[in-house]
Amino acid sequence: MYTGSSAMGEDEEAMLPHSSREKSVRGWESTMNSLSVRMIARNFWAIMKPSFLSRGAQKPAPVGEVVSPKKKHTTEYLDGMRGVASLIVFILHWSHTSYPSVNSGWGYKENTSFWLLPFIRLIFSGAAMVAVFFVISGFVLTHRFIQRMYRQEYNELFSGLTSLTFRRAIRLYLPSFASSSLAFICVCLGLVSVPSKVDGKRFHHSFHAYLDYLDAESNPWGWDADFYGFYNPQLWSIAVEFRGSMVVFLLVLGLAKARASVRMLVELFILIHSFAHKRWDVALFIAGMLLAEVEVWVSRRANLSRTKLINAFLILTLIIGLYLCGYPRDGATSTYGYMWSQSLWPYTAYRRRFWLAVGAILSVGAIVFMPSIQALFTTRPAKYLGRISFALYLVHGLGNRTVGKWLIQGCWGYIGNEGFWPYTWSFVISTILYFPIVIWASDLFWRTIDVPSTNFARWLEQMCAPESV
């Protein structure tokens with residue numbers, strides 16, 4: 001699937017006619033040398049080529065093995081949603097250095113740009129998309145276990161839960177460490193400039209600083225969601241993702257044999273309690289689990305009919321959710337359309353994370369029951385973004401500080417950055433040149449790091465399992 005034919009050498013040699021084996025030693029060596037160069041070039045191209053250019057290439061099945069068609073999952077659209085969300089995070093991190101105003105809302109400090117209007121500014125709402133990640137993770141990680149609770153398949157449930165729990169840390173941290181290691185190497189090579197301060201503290205680049213960063217990046221015990229590190233700043237969410245995963249796994253274990261109504265009440269209580277104690281990240285994972293509970297409950301009742309009132313409610317919920325997902329970072333309480341939040345709880349800086357979380361829950365919750373919207377996320381581009389979403393999230397930060405920075409500085413030098421039009425055209429042209437490079441790098445990282453990490457986690461689980469009696 002990921003490479004072309006990489007093991008053709010022995011097969012091709014065996015198929016050579018007998019007359020070719022009677023050539024001189026020099027001719028034989030020349031043929032093998034040219035064959036080796038050709039194979040190396042072909043394999044190199046197979047690795048570097050984006051996966052969407054290799055759709056027709058499939059790995060041949062062993063003799064006698066029946067190839068079954070790929071099963072379509074009912075939650076496939078969530079992968080597409082995750083891919084679009086990852087792209088929006090990338091867009092924010094790329095654009096806000098050149099246009100810091102994307103972090104504010106329309107009308108704040110008399111900035112009335114079209115791109116800052118509610119709903120339009122969703123393309124820059126990276127923080128809201130991280131909240132969407134967490135809701136989707138809570139849903140996907142628990143959905144199949146909840147289905148087994150209804151079927152009372154407890155052996156399969158516990159077996160699957162132990163497997164997923166064992167592999168979760170490897171699945172999250174191994175690709176993250178690889179991405180951070182690439183950033184460290186780029187800093188050592190001078191490709192990334194080193195600041196004198198990071199997060200307000202003096203910083204000195206060294207191997208020890210890199211190890212400290214890896215420790216902070218993978219630390220699940222701090223229970224704070226504001227970690228900032230120099231080598232890969234956006235990876236603060238990885239430890240949060242791991243903690244949230246463990247919370248919902250514990251809930252699955254503890255509530256597996258409870259009635260559905262009891263499970264939902266407990267999940268709702270913990271969700272509200274988490275919000276009240278400013279644990280918006282935990283609340284998002286539990287909200288995803290609660291949405292999975294409701295979705296499974298609804299899917300098992302064929303006699304339920306969708307009325308116009310329910311459809312209108314879902315549409316309104318989605319509109320409100322998307323509107324809240326556009327909650328700006330800067331000056332929200334002074335921005336038209338969001339000033340109302342100043343008079344409502346919470347009254348501190350926590351309000352931004354709270355309203356973004358509510359927006360993510362309402363948006364994902366509505367889409368879960370709207371097949372017409374789900375179809376948008378099962379299109380080929382969305383599914384492709386879903387496959388590379390984790391890789392895109394991991395590599396775009398380094399790309400912004402290297403290739404992206406070089407491109408926009410080159411455009412500034414050639415076109416200029418003084419005045420509206422030179423500055424705008426420099427940004428647009430550098431964006432057009434840069435985005436395909438990031439997508440290709442994400443595709444490459446996905447095939448060479450992300451997928452092997454998943455396979456390694458499965459292999460390690462098998463190696464650590466006791467021998468069957």
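**Exercise 1. The chain as a whole**

What percentage of the 469 residues in the chain is buried?

*Solution.* The model is a predicted one. Step 1: buried residues account for 44% of the 469 residues. Step 2: the secondary structure consists of 15 helices and 2 strands. Step 3: consider contacts between residues at least 6 apart in sequence; 75% of these join residues at least 24 apart. Step 4: the chain exposes about 25,900 Å², and 64% of that area is supplied by carbon and sulfur atoms.

**Exercise 2. The second largest pocket**

Determine how much space lies in the second largest pocket, which residues are closest to its centre, and which elements line it.

*Solution.* Step 1: the second largest pocket holds about 1,100 Å³ of space. Step 2: its lining comprises 46 residues, of which His 93, His 96, Tyr 228, Pro 233 and Gln 234 are the closest to the centre. Step 3: the elements giving two or more residues to this lining are α3 (76-95), α4 (126-151), α11 (350-367) and α14 (389-414). Step 4: α14 gives the most, with 10 residues. Step 5: sorted by class, the lining contains 24 nonpolar, 15 polar and 7 charged residues.

**Exercise 3. Gly 386**

Is Gly 386 buried or exposed? Identify its helix and its contacts.

*Solution.* Step 1: Gly 386 belongs to helix α13 (residues 380-387). Step 2: its relative accessible area is 14%, so Gly 386 is buried. Step 3: when residues up to four places away in sequence are not counted, Gly 386 touches Asp 79 and Gly 83. Step 4: the C-alpha atoms of Gly 386 and Tyr 77 are separated by 8.9 Å, although these residues are 309 apart along the chain.

**Exercise 4. A cis peptide bond at Trp 345**

Which form does the peptide bond from Trp 345 to Pro 346 take? Describe the setting of Trp 345.

*Solution.* Step 1: the bond from Trp 345 to Pro 346 is cis, its omega being near 0 degrees. Step 2: Trp 345 is in the loop between α10 (308-325) and α11, and Pro 346 is also placed in the loop between α10 and α11. Step 3: with a relative accessible area of 41%, Trp 345 is classed as partly exposed. Step 4: beyond its neighbours within four places in sequence, Trp 345 contacts Phe 275, Ala 276, Tyr 350, Phe 354 and Trp 355. Step 5: for Ala 276, 69 residues away along the chain, the C-alpha separation from Trp 345 is 10.0 Å.

**Exercise 5. Positive phi values**

*Solution.* Step 1: most residues other than glycine have a negative phi. Step 2: Phe 119 has a positive phi, near 75 degrees. Step 3: Phe 119 occurs in the loop between α3 and α4, and its relative accessible area of 37% makes it partly exposed. Step 4: the phi of Lys 278 is positive as well, near 65 degrees. Step 5: Lys 278 occupies the loop between α8 (260-276) and α9 (280-299). Step 6: the relative accessible area of Lys 278 is 44%, so Lys 278 is partly exposed.

Key. Residues are numbered from 1 along each chain as its sequence is written. This is a predicted model: local features need pLDDT of at least 70, side-chain atom pairs count only at pLDDT 80 or more; totals for chains, interfaces and linings use all residues. Side-chain values use heavy atoms; hydrogens and water are left out. On a 1 Å grid over the protein atoms alone, a cavity is a set of points where a 1.4 Å probe fits but cannot get out, and a pocket is an open set with protein on both sides within 12 Å along at least five of seven lines; lining residues have an atom within 4 Å of a point. Grid points are joined across faces, edges and corners, and a volume is the space filled by probe spheres set on the points. Helices (H or I, at least four residues) and strands (E, at least two) are DSSP runs, numbered from the N terminus. Ala, Val, Leu, Ile, Met, Phe, Trp, Tyr, Cys and Pro count as nonpolar, Asp, Glu, Lys and Arg as charged, and the others, Gly among them, as polar. Buried means under 20% relative accessible area, exposed over 50%, partly exposed in between (1.4 Å probe, protein chains only). Contact means heavy atoms within 4.5 Å. Accessible areas come from the Shrake-Rupley method with a 1.4 Å probe; for residues, only the protein chains shown count as cover.
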